[in-house]
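This briefing walks through a few local features of one protein model, grouped by topic. Please keep the sequence and the structure at hand while reading the points that follow.

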Amino acid sequence: MGVAYDATTTSSEETPLAADRPVSGLADELVDHRFKALPPDAEGLTVGALAAERRNLFTGGFTTPVLALSAESVEHNLALLETYAERHGLAFAPHGKTSMSPQLFARQLEHGAWGITAAVPHQARVYRAYGIRRIFLANELVDAAALRWIAGELDSDPEFRLICYVDSVRGVELMDEALRAAGATRPVDVVVELGAGEGARTGVRTEAECAAVADAVAATGTLRLVGVAGYEGEVPDASGERVREWVRRLVALAVDFDRAGRFAAAGGEIVISAGGSAWFDAVADVFAEIPELSAPVLKLLRSGAYVSHDDGHYRHLTPFNRVPEEGELQPAFRLWAQVVSRPTDEQAFLNAGKRDAAYDLDLPEAQVVRSGRDGSVRPATGVSVSGLSDQHAWVRTEPGAELEVGDWVGMGLSHPCTSFDKWQLIPLVAADGTVTDYLRTFF
């Protein structure tokens, strides 16, 4: 997948990141029992050596179930969001929690990402281990041990930048106490998180409370207010109109803060950030209306699910359904499992279950059947997944459905985040079945 590049450079500069463990080093990891579905006869090879063999997913000794990620679809999705962000004048910090794959982070940076978004300290530590120099931490961070670590990272690397949410005066006090105790010499950049409404998730509920949090930040020497942010996906009864109304409220908060001089210490740039995977079109529309402020504005989008997309939840929610002229994301995941039991004409069982497939939003969708006899592939007509056990998929078959023990069933998945996190090493597969690489995840 290549090495990661510094997000502060242009794509032509290609300056390697100073990482503790460069992405290229992942190829040196040994293949063994830790990694599901990899060929047993590959035991002892390095991941790089196995990738170089370019085995076929179906005939190369892989065991089922096996999760595959389409090489072509991943590349298409990376390029599409790069183009979309450029067209709309947006910076992009895709949420890394989706994949937790340093190789995909590297590809996202190569495709123009400003940095990578994290949710919790562990994720930020993974990012830093692989050289990510810009991290947007979309949570208020009040863990003293984590803040001590962040202070050390900032002090030891002048090129590292972290931006973190604040959403309470008490949170600001805890952050300040921890950073002072750690002897931090660089301030942590923070953005006030505006809540998406009553009953939404985190975030400050009113503009007056936002101002109080901003005042608390200004009273510290360890934090620096650089902008405002939030997550429009939590807007109650979300619709295009409701989401745009909330994003305009976020922009108005930034404008009011700027007029009050609250960003005077922001370092020459004001951050306004929003944008999950369901409403980034609305965010782009409103961000295009941001008036001129006292400093340039970093309009930061954070959508993460796009990299693999899916065949369920995000297939229905993606903004590209509303703006088809902007392009179309492609689902990249396919989970392959074998028929291990066919007890009746109406029922079959596959050897993949909850340990292998995302099921928190939708059940897997049977898409194709690959014959266990001759390798021919046909649509999974009359075949549907009705339930999951830990290690089995329950399959309903309609009259006349062709399915027998030994057949492989290829299934589409819903919700990328809980698809990635069940697999530590995922084959990246070309359209002809050739495995071109293996993506390492760290959950």
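In this predicted model, Ser 70 stands opposite Val 429 of strand 17, and the two bridges that join strand 1 (residues 66-70) to strand 17 belong to a parallel pairing.

- Strand 17 (residues 425-429) is mostly covered, with five of its five residues buried.
- Leu 425, Pro 427 and Val 429 point one way from strand 17, whereas Ile 426 and Leu 428 point the other way, and the residues on both sides are buried.
- In a regular strand, side chains alternate between the two faces of the sheet.
- Strand 17 is also joined to strand 18 (residues 435-440), here by five bridges and in an antiparallel arrangement, with Arg 440 of strand 18 as the bridge partner of Leu 425.
- The hairpin formed by strand 17 and strand 18 has five residues between the strands, and Gly 433 in this hairpin takes a positive phi near 95 degrees.

**Glu 232**
- Glu 232 lies in the loop between strand 7 (223-229) and helix 8 (240-259).
- Although Glu 232 is buried, it has no salt bridge, and the nearest side chain of opposite charge, that of Arg 302, is 5.7 Å away, whereas a salt bridge would require the charged atoms to lie within 4 Å.
- The side chain of Glu 232 does reach the backbone nitrogen of Gly 276, at 2.6 Å.
- Leaving aside neighbours within four places in sequence, the residues in contact with Glu 232 include Val 243, Trp 246 and Val 247, as well as Gly 275, Gly 276, Trp 279 and Val 283.

**Helix 9**
- Val 283, one of the contacts of Glu 232, is also one of the buried residues of helix 9.
- Helix 9 (residues 280-287) is mostly covered, as seven of its eight residues are buried, among them Phe 280, Asp 281 and Phe 287.
- The buried residues of helix 9 pack against helix 2 (71-87), helix 8, strand 8 (270-274) and strand 9 (297-301).

**Cysteines**
- A search of the whole structure finds zero disulfides.
- Cys 164 counts as buried because its relative accessibility is 1%, and Cys 210 counts as buried because its relative accessibility is 0%.

Definitions and conventions: Residues numbered from 1 in each chain as written. Predicted model: local features only at pLDDT ≥ 70, side-chain atom pairs only at ≥ 80, totals over all residues. Heavy atoms only, no water. Helix = DSSP H or I, 4+ residues; strand = E, 2+ residues; numbered from the N terminus. Buried < 20%, exposed > 50% of the residue type's maximum accessible area, 1.4 Å probe, protein only. Lys, Arg positive; Asp, Glu negative; His and termini not counted. Polar contact = N/O pair within 3.5 Å; in protein donor to acceptor, adjacent residues only side chain to side chain. Contact = heavy atoms within 4.5 Å. Pairing = 2+ DSSP bridges. Disulfide = S-S within 2.5 Å.
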